[in-house]
Amino acid sequence: MSEARRRALEAVALSMAGRGWAVFPIMPGRKFPPAWHRADTCPGTGPCAGGHVTPEHLATTDPETIARVWAKVPYNVAVFAGKSGRHVIDCDVRKPTEPAGPDGWEELQALAAHRGGPLPDTWTTSTPSGGRQLWYPVPPGVRLSSTVKHIAAHVDTRGWGGYALAPGSVRDDGAYELFDDTEGPELPGWLVQASVRLPPTASTGRTEKPVAAPDAYTATALRAECDRVRAAPSGRRNKALSTAAYALGQLVGADLLDEATARAELENAVAAWNTPGSWGKDTGVITTALAAGSRNRRRVTPRAGSRRVA
Ligand SMILES: [Zn+2]
């Protein structure tokens, strides 16, 4: 690997961070995995001293950290989409083994036409295989996970928990390139709806232990508690997190909310603080407060078709 390539990729990482996008190194020449260990091989040292942390939590916009990480190795540059306020619509090409038919981009255009929704130009990259990725800004208050073959057969999305490679990243078969530098509008509403994953109860019939989708009251409470955590100023974060986790624990105890969902949403809210150094402590607070809340479950009285909390 040449020094020129390392320098180019370091510049890419800094430029992405300059847009406010959180980057993380990917092994040179690869699309994945991140240059990081998995949870099951965690050494429990360094950033993981207080518990395993993920690349998404470590992804950063800090120029000094980036300069240090990219100083010797020509890492490819992953941008964690959700943490960067983007939702990436990933349109793939058909595999050579597939029968003839529309590719992901054509499927997306057809879907837009069918739903009567706009498909505005936006910041777009091309992939080595010939696919394209549309990096839409996420509207305020909207939170989307990643999806696989959910929007269409050749269209995935990268939201929270997912990343896309920045232009300039290189694989054996080619490079990711900037295809369109338009700064377009936010992700259109029809694509927000299309990107929402249905809860596991949605009649797959294969779920081992069906988890009830949160009802409207619970979903509102979940969103409100996590918004409060996300917005808490430093200095009040510990208290805000503990309060929110306790409140959600009460809903878990009342069987209104799945514990894994509560934990995942709280962890995502904490990730927005961008404080990987305290990740171990924060997840400890979540565990403790969720458990305490669930031992003191809320009493819920059904009344005239609605639920009131006593
Ligand atoms: Zn670890």
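Contact, as the word is used here, means that heavy atoms lie within 4.5 Å of each other. In this predicted model, and among contacts between residues at least 6 apart in sequence, 73% join residues at least 24 apart. The protein has 310 residues, of which 42% count as buried, and its secondary structure consists of nine helices and 13 strands.

The core draws at least three residues from domain 1 (3-195) and at least three from domain 2 (216-309).

When neighbours within four places in sequence are left aside, Leu-266 is in contact with Cys-226, Val-229, Leu-241, Ala-244, Ala-245, Leu-248, Ile-286 and Leu-290.

The model contains 12 salt bridges, counted on the criterion of a Lys or Arg side-chain nitrogen within 4 Å of an Asp or Glu carboxyl oxygen. In one of them, Glu-10 is paired with Arg-6, and their closest N and O atoms are 2.9 Å apart. Both residues belong to helix 1 (residues 3-18), where they are four residues apart, about one turn of the helix. Glu-10 has a relative accessible area of 16% and is buried, and Arg-6, at 9% relative accessibility, counts as buried too. In this part of the chain, salt bridges with shared partners link Glu-3, Arg-6, Arg-7 and Glu-10 into one network.

Because Asp-227 and Arg-230 are three residues apart in helix 6, about one helical turn separates them. Asp-227 is partly exposed, its relative accessible area being 39%, and Arg-230, at 25% relative accessibility, also counts as partly exposed. A further salt bridge joins the side chains of Asp-173 and Arg-171 at 2.8 Å, N to O. Here Asp-173 is partly exposed, with a relative accessible area of 48%, whereas Arg-171, at 16% relative accessibility, counts as buried.

The metal site comes next. The zinc ion has as its protein donors His-37 through NE2, Cys-42 through SG, Cys-48 through SG and His-52 through ND1, and these lie 2.1 to 2.3 Å from the ion. The angles among the four donor atoms run from 101 to 118°, and the site is tetrahedral, because four donors count as tetrahedral if all angles lie between 85 and 135 degrees. Along the chain, the donors follow the spacing H-x4-C-x5-C-x3-H.

Ser-126 lies in strand 4 (residues 124-126) and, at 16% relative accessibility, counts as buried, because buried means under 20% relative accessible area. Leaving out residues up to four places away in sequence, Ser-126 touches Gly-131, Arg-132, Ala-175, Tyr-176, Glu-177 and Phe-179. His-150 is found in strand 6 (residues 147-152) and, at 35% relative accessibility, counts as partly exposed. His-150 and Ala-194 are 44 residues apart in sequence, while the distance between them in space is 8.0 Å, C-alpha to C-alpha.

Note on methods. Residues are numbered from 1 along each chain as its sequence is written. This is a predicted model: local features need pLDDT of at least 70, side-chain atom pairs count only at pLDDT 80 or more; totals for chains, interfaces and linings use all residues. Side-chain values use heavy atoms; hydrogens and water are left out. Domain bounds come from an automatic or database domain assignment. Helices (H or I, at least four residues) and strands (E, at least two) are DSSP runs, numbered from the N terminus. Buried means under 20% relative accessible area, exposed over 50%, partly exposed in between (1.4 Å probe, protein chains only). Donors are N, O and S atoms within 2.8 Å of the metal (3.2 Å for Na, K and Ca); water is not among the atoms, so sites may look incomplete. Four donors count as tetrahedral if all angles lie between 85 and 135 degrees; four count as square planar and six as octahedral if opposite donors are over 155 degrees apart and all others between 65 and 115; anything else is irregular.
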